[in-house]
Amino acid sequence: MIGIGVKKGTAELAILSILEEGPLHGYELARRIERQTRGALSFSLAALYPMLYRMEQRRWIRGAWEASSSGRRRRCYRLTPQGKKKLSPLRAEWSELFHALRRLTKASHA
Amino acid sequence: MHDWAQIVRQRLANLALPDEDAAQVFDELAGHLEETHQSLRNEGLSEQGAVGRVLEGVGDWRVLQRKIELSREKEFTMTKRVGQFWFPAFVTLLLSMALLALIQIFGPNPWVTTATPRGWRFVAPVAVVYVSWLFTLPFIGALRAYLSKRAGAHPRVVFSSIVFPVLPYLAFFLVALPIAVILDDHMAHNIMIPAFFVGLCAWVIFPGAALLVGGWPVQHFASRHSGIDRTATN
């Protein structure tokens, strides 16, 4: 079972990576993550927004209300310079972890 | 068509966040649910089926509420008291003291003269400076109430914040002065008692009342206004 810390870490990485491509509102962000991970990662409402608020508090992302072309107001999140700085080491850490796990699983299969 | 904003507000009615933050959270979550609902309808689900799926996706609303509160807790425990009480209190305390000093320097000119053996001497009576300062206090009270209320303070906190500048004087009159009277043999007790009440009125009761005259209507109006906002968006 994947622990809470790992889940939280992957969620943060997923959100920061998607927002690196451009600002998005919560709903679209969740859809984009689900689509790009082919459903492997999906966010419930109770997981997504508390995570976004926490990341906003840490100043990794910034939310602002914007009106869409349909006139609907949405809170769009964008990556801050601090968030960009956070993304690189986070990617490196996760990449290292995945490589280590891959090596481990390959070794155990051999 | 479902009013998702109303559903969210009802289900998260006890969300422990300042009004303005709570309203933003409600709007954002309602928008999310509305889009999810619309997307499910576009996929061909019936109205009832789509609503059911949306609500199912939320899960336990109490869990959602707790998670949102926790995600903001650190920020609020660190800054809530500062924003709602200490910041408005100290800004306006500083302002009221600065105004008192400015009135003394640039305020009304002395208008009482006394004759001394060396000739005429101009004296600024305390009332000239004091009364002018007293007239500025309602504005300071109003500013203080506005700052506290804007930070989402409870009416009790707003009240404490409004009367904050008179609290040091109150402590002085109720604690320091009686102790001084008891311990200091050189103080003339017959003079002290009337002076005590005059001082208490001049530095605690009147300024406190003046601060409340300005601050309380602002607090009252802001509370009503936020109440109207919530009802309107419902």
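## Contact between chains A and B

In this predicted model, 14 residues of chain A are in contact with 19 residues of chain B, two residues being in contact if their C-beta atoms, placed from the backbone, lie within 7 Å. The elements that give two or more residues to the side of chain A touching chain B are α2 (26–36), α3 (45–57) and β3 (73–79) of chain A, where helices (H or I, at least four residues) and strands (E, at least two) are DSSP runs numbered from the N terminus. Of these elements, α3(A) gives the most, with seven residues.

By class, this side of chain A has six nonpolar, three polar and five charged residues. In this scheme Ala, Val, Leu, Ile, Met, Phe, Trp, Tyr, Cys and Pro count as nonpolar, Asp, Glu, Lys and Arg as charged, and the others, Gly among them, as polar.

## The sheet of chain A

Chain A has an open sheet of three strands in the order β1-β3-β2, with antiparallel pairing; two strands pair if DSSP finds at least two bridges between them. Because β1 (24–25) and β2 (61–67) of chain A stand at the edges, each with a single partner strand, one side of each is left without a neighbour in the sheet.

The antiparallel pairing of β2(A) with β3(A) extends over seven bridges, and I61(A) stands opposite L79(A) in β3(A). The helix α3(A) lies across β2 and β3 of chain A and runs at about 115° to β2(A), with axes taken as lines fitted to C-alpha atoms, for helices over the stretch in contact, and angles running from 0 to 180 degrees between N-to-C directions.

## The fold of chain B

Chain B contains eight helices and two strands, and from the N terminus on its elements run α-α-α-α-β-β-α-α-α-α. Among contacts in chain B between residues at least 6 apart in sequence, 70% join residues at least 24 apart.

Buried residues make up 24% of the 234 residues in chain B, a residue being buried if 20 or more other C-beta atoms, placed from the backbone, lie within 10 Å of its own. I7(B), in helix α1 (residues 4–11) of chain B, counts as buried because it has 20 C-beta neighbours inside 10 Å. The C-alpha atoms of I7(B) and A30(B) are separated by 7.9 Å, although these residues are 23 apart along the chain.

## Basis of the description

Residues are numbered from 1 along each chain as its sequence is written, and chains are lettered from A and ligands numbered from 1 in the order in which they are written. Since the model is predicted, local features need pLDDT of at least 70 and side-chain atom pairs count only at pLDDT 80 or more, while totals for chains, interfaces and linings use all residues.

Conventions
A residue is buried if 20 or more other C-beta atoms lie within 10 Å of its own, exposed if 12 or fewer, and partly exposed in between; C-beta atoms are placed from the backbone.
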